[in-house]
Amino acid sequence: MDYAESRLDQVQAVLAAAEAHHHETPFKVLLLARTAGDWWEEQLPASSPVAEALTTNAVAIEVPPLHPDSEDWAPAYEQAVKAFSSALPSLDGYQRHNWSDLAAGMKAPAANREGYDHALTLQMHALVDLLDAAEPTPAAGAMAEAPLPLPDRLLVHERRHWERSASARGLYPSFTMDTLSDALAVAFLVGSDTPSEADSRLRTVHGLSDQLNDSVCAVRDWIASLYPPSDSRPFGSLQPDLLAEHHVGIRLMKNPGLAERLVPDTNEAHAIRLLTVYSRSAARSKSRPTLSEHLTDLCVRHWDHLAGPAAITATQVQNPDPLVKSLLKIADDALHPSDGLLALYDQLPHTSQVLADFAVRLTERVLHLRRQEAQVPPETQLSAAELEAHGLRVRENIAESLCSLSGRLSALGRREEALEASREAVKIRRILAKEHPEVFLPLLSSALHMHCVALHRLRFREEALAASREAVDTHRAVTHIPLVLNLTGLIQALTHLAVMLGELGFREEALEVSSEAVKSYRILSRDHPENTPPELCSTLDSHALRLRELGYREEALDVSLEAVESCRSLAAENPDSYLPMLAVILHNHSRYLSDMGRRAESLAVIHEATRIRRGLAKSRPDAFLPDLADSVGQLSQRLGELGRLDEALDVVCEAADIYRDLTRDRPTVHLPALAITLNNQSVRLSELGRLGEALEVSHEAVGIYRTLAQSHPDTYLPELARFLINLANRLGQLKRHEESLDVGREAAKILRGLAEASPAAYLPDLGLHLNNHSIRLNNLGRSEEALSVIREAVHIRRGLVDDNPQAFLPDLAMSLSNLSADLGEVGHHTEALEAIHESVRISRSLVKTDSGAFLPTLAMGLIVLSDSLRELGHYTDAIAAANEAIDIHRSLALTHPPAYLPKLAISMEALCDIFMELREYPEAINVIADMTRVHEALAETDPAVHLPKFAACLFNLSAGLANYGRKSEALAVISKAVPIYRALAAQDPRAYGVNLQKSLRLHTLLTAHQ
């Protein structure tokens, strides 16, 4: 069935017949539509239980070009020409031409002809070229110089056919061709179900309005002869549809009143068809702006007939702008009656990007009307009970409008206004629920949920948590309505409560709540699919986040994949409503893939989320620019994980630029996100060696959060501590060590205070910071202090592992590795070996469950183990550990060279140290040669970071070769190092001048021995 989106009644009839089909032979129903929009996702499934059941597992497939490769065009074109040459002789008036000879003389199209990749346009070209060969017209004959558009060329021949057939029936010249062309336009524009309906609509055409019934019937029969119906309707339509739409556009430009006279006689289905064809005609027309304006004005003038159909049609067509403009004008017109606006308000879809602005404007208007109603006493005399009921209804109507307004404002990014609306809605419904709990408790819980969402989006997390808890408690208190009716709201409330608990660090409780939400969701979707809102698949996405927070990475990925698949099908069928949700779920799914070490897949997924959000932000920047910046920021992280550091920096700079622009207009809302992005930008700059810039950006991020934390410490102190840690790292890189330690101590103080108040939430962060702080102390030679700090970190992480081993064993392995290094620094080598053995054992056990995520950790632990074994003289075991680390890093570098080649070089360096200590110089030289090749490859991709290391490897390799008597090879190697050091010293004499002098001396010595 073609044009299924505009023929819902027929689709429903087909599906009803399908349910009644009890024969053994199966069959398929194929629906063709221009878009898979609200008609498919909401209107059709909601039309009947049969439609809901039969569409649940149906697949929406976007039809690709038939001939994407130009070499396929010529055979397809020749096949179409041949088919048309065989069919045309069967048409009255076309027998006089030798179509076969004409077809044989035609040439295949050039490979660069536009439109030949689609079957329809290719066949249209074939037909019109064949017709032009037989009956050239002035326009077609001049085609080489000024070709007419393809639809115009075909309509030239179609009009000839109309004229011939009208003459044969005696209609022309009795009626002018303008009159008959308008009659055809009416037939194409709105159609008819019965002969009498068709005659009535044909009479709206000037030239037919005063004609006798026989004359109008003759015109109707003429149209049916041209375009026979496929069912019981009076006539069909010109095919392909774009030709019919093109003709309608031409006639509407000449006679705008053509549609005007049709409107009063149309029902909703015919009005939707009229608006659909009109909007498509406007989109195709060369006079598109004028036709679009006419369509907008038509809807405004006949708003009582067309406003509802316009709202439906706008979500189905590719050119909704004229319809949306009309709806906005209708909402803004104070003269429109309230009953009509309320009826239109009731028709609004729950979510729609196309109608988002209109939905807010109409909701504001309805809220204003309802506030006015509350100020005016009822016109009729009411009893006390009736008066009370009236007052309750008026107040609830205001609360309902406020809830709706809050959600719609939030969708447009107007978060402060959304919070104000939800706060008032909760206030009203709280009073109503106190007076009549049996009626208003369920409504209060939905208002609380909306209020929680509004608070959360403005980062008022503590208040949002309180509202979310109250929403859940209120839902649980509702026992007087069927469970299935209360379950949807409860699932939503539980899902958001889990989000708030997770963000505030109550991870175990968050997972428990989330698990209940998912369990309820699965029960509801299994037992009552007709009562399960599609958007509840976001419950799965939230549950995946809760699993990830507690270290259940594989389970998180599985649940997230289920959410992606569910939401992807929703977005394919109704992108207007579900693309934003899909972007959110993909954004999170990328993290889970990264957690599992599947970094290339992770990058592809975040690329998809970013592409979706770019499209959304282009049409609605206020609503979606923050989301775009968020995905761009994560894209930077994924690129950084793959070692694509320059790209990662470019991308995070884009995110920062977006947030700076947003912050200028609304600093209260977007300053926190700007600071987070700046913190990430600082990391990217640091990775590229741009340490001064990294420090400057880190200072800016910390400054923003210091200000925020002064007014809202509960909300912003945790993030301030993390930013201070990053600032400490940047200062340490610039060798401003005392400042670095001071900042690190400030971060530790904040985290200790937070952990005392909420250990489950902040002990993990404190353990991480102490782990890293010990490294800074060790780098400064303050080994005893470093050892004390790392012992505390290990103690904290052992406690966390006792409560949740899956989440915190990787962290404990890392701290044990650092403890081993610090113990080695103070000479406690036996204790150091015990610590690193425990660390490696943990890492090996983790690798068995998830090699992709934990192989890198194991490899780094093996390097520390190798050093510890070397210190105790266990050289054979030390060499084995270093070689295992090398093998792991080499395999990882095959798929992600920028990320793992540097670590491969580190593991090689550990092996080289062992050979040097054993005086096994040939083996050491071989390892240095391997290291040199690794750093050479890195220097080719990122010279700013890796050229100095490459030059150092060249120097060491040359010196080793020289000491071993291989002086010619040594000279060749040092000859590569000298120009590199010369260039580096020119840029930074203090850093590289000494290296240049050493290289020159070695080069001179080796040259003298030649």
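Predicted model: local features only at pLDDT ≥ 70, side-chain atom pairs only at ≥ 80, totals over all residues.
Residues are numbered from 1 along each chain as its sequence is written, and side-chain values use heavy atoms, with hydrogens and water left out.

Let me start with helix packing. Two packed helices are described by the angle between their axes and the distance between the axes. The helices I name are DSSP runs of H or I with at least four residues, numbered from the N terminus, and the axes are lines fitted to C-alpha atoms over the stretch in contact, with angles from 0 to 180 degrees between N-to-C directions.

The pair I would look at to begin with is helix α39, residues 829-849, and helix α40, residues 851-871, which pack at an angle of about 160° with their axes 8 Å apart. That angle makes α39 roughly antiparallel to α40, since angles over 145 degrees count as roughly antiparallel, those under 35 as roughly parallel, those from 65 to 115 as roughly perpendicular, and the rest as oblique. The crossing of α39 and α40 is left-handed, a word used if the near helix is turned anticlockwise from the far one by less than a right angle, whereas clockwise would be right-handed. On the α39 side the residues that meet α40 include L833, I836, V840 and L846, and among their counterparts in α40 are F854, L858, L862 and L865, where contact means heavy atoms within 4.5 Å. By class, the contact of α39 with α40 has 13 nonpolar, 8 polar and 2 charged residues; here Ala, Val, Leu, Ile, Met, Phe, Trp, Tyr, Cys and Pro count as nonpolar, Asp, Glu, Lys and Arg as charged, and the others, Gly among them, as polar.

The other pair is helix α18, residues 338-346, and helix α19, residues 356-375, whose axes come within 10 Å and cross at roughly 135°. That makes α18 oblique to α19, and α18 passes α19 in a left-handed crossing. The contact is made by S338, L341, L342, L344 and Y345 of α18 together with residues of α19 that include F358, L362, R365 and L369, and by class it has 8 nonpolar, 2 polar and 2 charged residues.

Now to the salt bridges, each being a side-chain nitrogen of Lys or Arg within 4 Å of a carboxyl oxygen of Asp or Glu.

In one, D129 pairs with R153, with the closest N and O atoms 2.8 Å apart. D129 lies in helix α6 (residues 119-134) and R153 in helix α8 (residues 150-168), so this pair ties together parts that are 24 residues apart in sequence. D129 is buried, at a relative accessible area of 14%, and R153 is buried too, at 6%; buried means under 20% relative accessible area, exposed means over 50%, and partly exposed lies in between, with a 1.4 Å probe and protein chains only.

In another, D199 and R220 form a salt bridge whose closest N and O atoms are 2.9 Å apart. This pair links distant parts of the chain, with D199 in helix α10 (residues 195-202) and R220 in helix α11 (residues 213-226), 21 residues apart. D199 counts as buried at 13% relative accessibility, and R220 counts as buried at 13%.

In the third, R745 and D742 meet at 3.1 Å, N to O; both lie in helix α35 (residues 737-757), 3 residues apart, about one turn of the helix. R745 is partly exposed at 33%, and D742 is partly exposed at 45%. Salt bridges that share partners join E738, D742, R745, R782 and E785 into one network.

Finally, the backbone. Most residues other than glycine have a negative phi, and most peptide bonds are trans. A cis peptide bond, however, joins Y172 and P173, with omega about 15°, and P173 is found in the loop between α8 and α9. The bond from Q239 to P240 is also cis, with omega near -5°, and P240 lies in the loop between α11 and α12.

As for phi, K735 has a positive value of about 65° although it is not a glycine; K735 lies in the loop between α34 and α35 and counts as exposed at 64% relative accessibility.
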